[in-house]
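Please look at the sequence and the structure shown below, and keep them at hand while you read.

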Amino acid sequence: MTGGEAPFREELGRAPGAYGEVLLRRRAADDGEHLELVVDGVFAMDDVDTATERALATEALRRCRGQGLTVLVGGLGLGCTAAAALADPRVAAVEVVEVQPPLVDWAREGLLPALPVADPRLRLRVGDVAAHLSGTRARYDAVLLDVDNGPVFLVHPANAGLYEEPGLAAALGALRPGGMLAIWSSAPVPELAGRLAGRSGAADVEHVVLAVERDGRRHEYALVLGRRAAQAS
Ligand SMILES: C[S@@+](CC[C@H](N)C(=O)[O-])C[C@H]1O[C@@H](n2cnc3c(N)ncnc32)[C@H](O)[C@@H]1O
């Protein structure tokens, strides 16, 4: 791009969603093109550096034992967490629950290049992951949540409950004993790790800070990881 020109933006999709309009677009940058997701006029994410979204899957799965693992991903976004889970050959099934119907449609149309949408292990569902968790039996080896910018910066106020006692209990309850819960956050959240560690059904709780350089600035993201105790309450 030369100075003074408007950055190239191509709209790939624009549709009404569950919480305002959903927009998927491509923009030009010095290092190539990037995808951007905008919800209700607010920038949600791009694919400039998706290392921490991928780490949400790899760090949780690294702590899972066995083969034939089943994974729930809460929040599709640009599909990077789900793709990282599918890249693990021990994973037999990845179920993604996404609240925005247009995003699921665009994924199925192949508009999210990170996501191997034809992988037979992948199942995309439209829905609220909080409702899904509270209505499910213990069947996942990993539950990976990235539906907000973390508990300190909610995208939808209704998501607050996911990080409180009943929400954490539902997420742990959706795991097989020994399974891993992992939550992404755009800032360190030691209080969330403490809340999870305080639950009798949780074990091995960790708060992992991940540093990322972006636009010349250092950012600290975080993962909260915890295992469902073998004898969960
Ligand atoms: C930051 S993006 C997720 C990024 C994703 N980890 C990736 O790798 O691209 C958050 C996603 O969660 C979705 N979302 C927000 N609240 C949700 C909810 N309660 N249930 C399901 N999906 C939700 C948003 O629509 C958005 O697609």
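## Domains, pocket and helix packing

The protein chain falls into domain 1 (9-46) and domain 2 (51-228), with bounds that come from an automatic or database domain assignment. This is a predicted model, in which local features need pLDDT of at least 70 and side-chain atom pairs count only at pLDDT 80 or more, while totals for chains, interfaces and linings use all residues. Residues are numbered from 1 along each chain as its sequence is written, and side-chain values use heavy atoms, with hydrogens and water left out.

The C-alpha centres of the two domains are 21 Å apart, and 19 residues of domain 1 are in contact with 16 residues of domain 2, where contact means heavy atoms within 4.5 Å.

The largest pocket holds about 790 Å³ of space. A pocket is found on a 1 Å grid over the protein atoms alone, as an open set of points where a 1.4 Å probe fits, with protein on both sides within 12 Å along at least five of seven lines, and its lining residues have an atom within 4 Å of a point. Because domain 1 and domain 2 both give residues to the lining, the largest pocket lies between them. The lining has 41 residues, and Ala44, Met45, Asp146, Asp148 and Asn149 lie nearest the centre of the pocket. Strand E4 gives the most to this lining, with four residues; strands (E, at least two residues) and helices (H or I, at least four) are DSSP runs, numbered from the N terminus.

The table divides the lining residues by class.

| Class | Residues in the lining of the largest pocket |
|---|---|
| Nonpolar (Ala, Val, Leu, Ile, Met, Phe, Trp, Tyr, Cys, Pro) | 21 residues |
| Polar (the others, Gly among them) | 12 residues |

Elsewhere, Glu165, Leu168 and Leu172 in helix H5 meet Leu192, Arg195 and Leu196 in helix H6. By class, this contact of H5 with H6 has four nonpolar, no polar and two charged residues.

Key. Points joined across faces, edges and corners; volume = space filled by probe spheres on them.
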